[in-house]
Amino acid sequence: QVRLVESGGGLVQAGGSLKLSCAASGMLFSFNAMAWYRQAPGKQRELVATITIHRTTNYADSVKGRFTISRDNAKNTMYLQMNSLKPEDTAVYYCNLPTASLNWGQGTQVTVSS
């Protein structure tokens with residue numbers, strides 16, 4: 001059974017940084033592109049960043065230049081380094097495939113205060 005566990009969220013002031021982790025189990029992690037998503041209160045879940053098996057990355061315009069997605073296949077773990085955080089980055093962050101076809105994990109809350 002595939003399991004995705006997100007961690008690393010917290011409360012940070014605007015301009016601060018956080019690094020999120022996504023630990024995957026029950027899947028061939030290194031054979032799959034992966035993605036980070038987020039859902040802010042009252043809004044739909046949105047795609048934040050993707051990384052292919054060859055480590056090609058893509059970002060939503062709203063986070064480009066501030067967030068960096070990466071992966072460690074030996075640890076079955078994906079990361080999201082978030083710098084220059086803004087209050088509008090406040091959301092629950094989730095990981096999944098770019099097709100969003102796996103069961104969602106519990107997510108990790110990121111709160112950015114102004």
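This is a predicted model: local features need pLDDT of at least 70, side-chain atom pairs count only at pLDDT 80 or more; totals for chains, interfaces and linings use all residues.
Is tyrosine 37 buried or exposed? At 7% relative accessibility, tyrosine 37 counts as buried, where buried means under 20% relative accessible area, exposed over 50% and partly exposed in between, with a 1.4 Å probe and protein chains only. Residues are numbered from 1 along each chain as its sequence is written, and side-chain values use heavy atoms, with hydrogens and water left out.

Now to the rings. Rings of Phe, Tyr and Trp (its six-membered ring) pair if their centres lie within 6.5 Å, and planes under 30 degrees apart count as stacked, over 60 as edge-to-face and the rest as tilted. By that rule there are 2 aromatic pairs. In one of them, the centres of tyrosine 37 and tryptophan 104 are 5.1 Å apart with the planes at 85°, so this pair is edge-to-face. Tryptophan 104, at 32% relative accessibility, counts as partly exposed. Tyrosine 94 and tryptophan 104 also form an edge-to-face pair, because their ring centres are 5.7 Å apart and their planes stand at 75°. Tyrosine 94 itself counts as buried, at 10% relative accessibility. Taken together, ring pairs link Tyr37, Tyr94 and Trp104 into a cluster.

Finally, the charges. A charge sits over a ring if NZ of Lys or CZ of Arg is within 6 Å of the ring centre and within 35 degrees of the ring normal. The charged end of arginine 45 sits over the ring of tryptophan 104, 3.8 Å from its centre, and that of lysine 19 sits over the ring of tyrosine 79, at 4.7 Å.
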